[in-house]
Amino acid sequence: MNNNRLYGLSILRIISMLGIIGLHILNAGGAFGRENLISMIELPVSIFYILCATSVNTFAMLTGYLYVDKPNIKYKNILKLIFTVLFYSAIITILFIIFKCEAFNSIVDIIKSFVPPLAGKYWYITCYVLLFVLIPFINKLIDSLTTYQFELLLIILLIFTSVLPTFLLTDFFKLDGGYSTAWLIVCYLIGAYIKRSKRKFSTSTILMLYLLCVIVTISISIIAWLILKSFSIYSILVAYTSPFIVLISILSILLFSKINFKNTILIKIIDSLSNCAFDTYIIHSHPLMFAWFINDNFAFIKNLDFFMVVPAILISIIAIYMICWIISYLKLFVFRVTRLDFIFDRLGHSFDVLLETFSTKKV
C-alpha cells in the first residue's frame with residue numbers, strides 16, 4: 001500500500017478524537033441545550049453534533065481498515081494501552097488526593113479512580129481491548145469468505161443492528177446504541193471491507209453523499225420536532241448505530257483514504273497528534289477529570305451570540321486536545337526515564353510469543 005495514504009487516515013484519527021471531545025462538551029458539558037431544534041443557536045449546533053457523532057464508528061472502522069491485512073497482531077500494543085490507562089489513572093487520582101481530596105467520599109471511590117473500568121468507566125477502551133484481542137480470529141473469518149459472502153454478511157449485520165433498530169425504535173439485539181464490543185466488531189468489519197473492496201468513488205460523489213446524509217438527518221429531525229416538539233427522533237438518528245451515522249462514517253474513511261501528501265514537517269506533526277489520540281481520550285474522560293472539568297462547565301456556550309457558539313465549541317475542543325497532547329509528551333518522557341517503555345515492550349513480546357504458541361498448536 002502507498003504509505004502516504006495512511007497520513008490521510010491519521011488526520012481522520014485526529015478529527016475523530018476531536019469529535020469525541022466534542023460529544024463530551026455538547027452532552028455532559030452542557031453546550032447543547034436541546035430546547036428548540038430550529039432556533040438560530042441550536043440548529044447549527046445540532047448539525048455539528050451529527051458530524052461529531054460519527055467519531056466512535058470511524059475510530060473502530062479505522063482499526064478494521066488498518067489491521068485486516070496485518071499477518072501478525074502485536075498484543076503488546078493493547079498491553080501498552082492498558083498500562084497507559086492505569087498510569088494516567090494513578091497520576092490523576094494521586095493529584096486529586098493531594099489537591100482535591102473532597103472529590104472522594106470513601107476508599108471505594110479512590111480504588112475506582114485508580115481503576116475506572118471497575119466503575120463502568122472508559123467503556124470504549126474496555127470494549128476496544130476485547131475487539132483487539134479478537135482481531136486475529138475476525139481476520140481469519142474475513143479471509144475465509146468470498147467477496148460476495150463478505151458483502152452479504154455486512155448487509156445482514158447492518159439490517160439487524162442498524163436499520164431495523166433505528167426505524168422500529170427498538171434495540172432488538174442489545175447493542176446499547178453502539179456502546180458495546182459487538183457494535184465495534186460490526187464497525188471493524190465495515191472498515192475491513194472498505195480496505196478489501198475494489199470499488200472506487202470520486203471525491204465529488206463522496207462529498208455529495210456526505211452532504212445528503214447530513215441534510216436528510218437534520219430534515220427528518222426538524223419535521224419530527226415540529227410535530228412532536230421533542231428531540232427524541234433526533235437522538236435516535238444521531239445514535240452510533242443509526243444508518244445515517246454509519247454511512248457518514250464510511251464516507252469519511254473513503255474520503256480521507258484519498259488524501260496524499262509528502263510534506264515532511266506536516267507528516268511529523270500529524271503523526272505526533274495522531275499518536276496521542278488514545279491518551280487524549282484517557283486523560284479527559286477519566287471520571288475525576290470529567291466530573292470537575294467537563295460536566296456542565298461548557299453550558300455558558302449555549303448562551304453566547306449566534307456567531308460565537310460553534311467557534312467557542314471548536315476552540316474548547318482544540319484546547320483540550322492540545323493540553324492532552326502536551327501531557328502525553330510528559331508521559332513519554334517518564335516512560336523513557338523509568339524504562340517503563342522497555343518493560344512494556346518485553347511483557348508485550350512475551351505475551352505475543354505465548355499467544356502465537358497457542359494459536360499455532362495443533363490439536
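A residue counts as buried under 20% relative accessible area, as exposed over 50%, and as partly exposed in between (1.4 Å probe, protein chains only). The model on display is predicted, so local features need pLDDT of at least 70 and side-chain atom pairs count only at pLDDT 80 or more, while totals for chains, interfaces and linings use all residues. Residues are numbered from 1 along each chain as its sequence is written, and side-chain values use heavy atoms, with hydrogens and water left out.

**Stop 1: helix α11**

Select residues 243–256, which form helix α11; helices are DSSP runs (H or I, at least four residues) numbered from the N terminus. Of its 14 residues, 13 are buried, so α11 is largely enclosed by the rest of the structure. The end C-alpha atoms lie 20 Å apart, in agreement with the 20 Å that 14 residues should span at 1.5 Å a residue. That expected span is 1.5 Å times one less than the number of residues.

**Stop 2**

Val163 is partly exposed, because its relative accessibility is 31%.

**Stop 3: the network at Asp69**

A salt bridge is a side-chain nitrogen of Lys or Arg within 4 Å of a carboxyl oxygen of Asp or Glu; by this rule the count is six. Select Asp69, Asp143, Lys195 and Arg196, which salt bridges link into a network. Lys195 pairs with Asp69 at 3.5 Å, N to O. This pair joins helix α8 (residues 181–196) to the loop between α3 (55–67) and α4 (76–99), across 126 residues. Arg196 also bridges to Asp69, with the closest N and O atoms 2.8 Å apart; these partners are 127 residues apart. Asp69 is partly exposed at 42% relative accessible area, and Arg196 is partly exposed at 29%.

**Stop 4: a buried pair**

Finally, select Lys331 and Asp279, whose side chains form a salt bridge (2.9 Å, N to O). The pair connects helix α15 (residues 306–338) with helix α13 (residues 277–285), 52 residues apart.

Terms used:
Helices (H or I, at least four residues) and strands (E, at least two) are DSSP runs, numbered from the N terminus.
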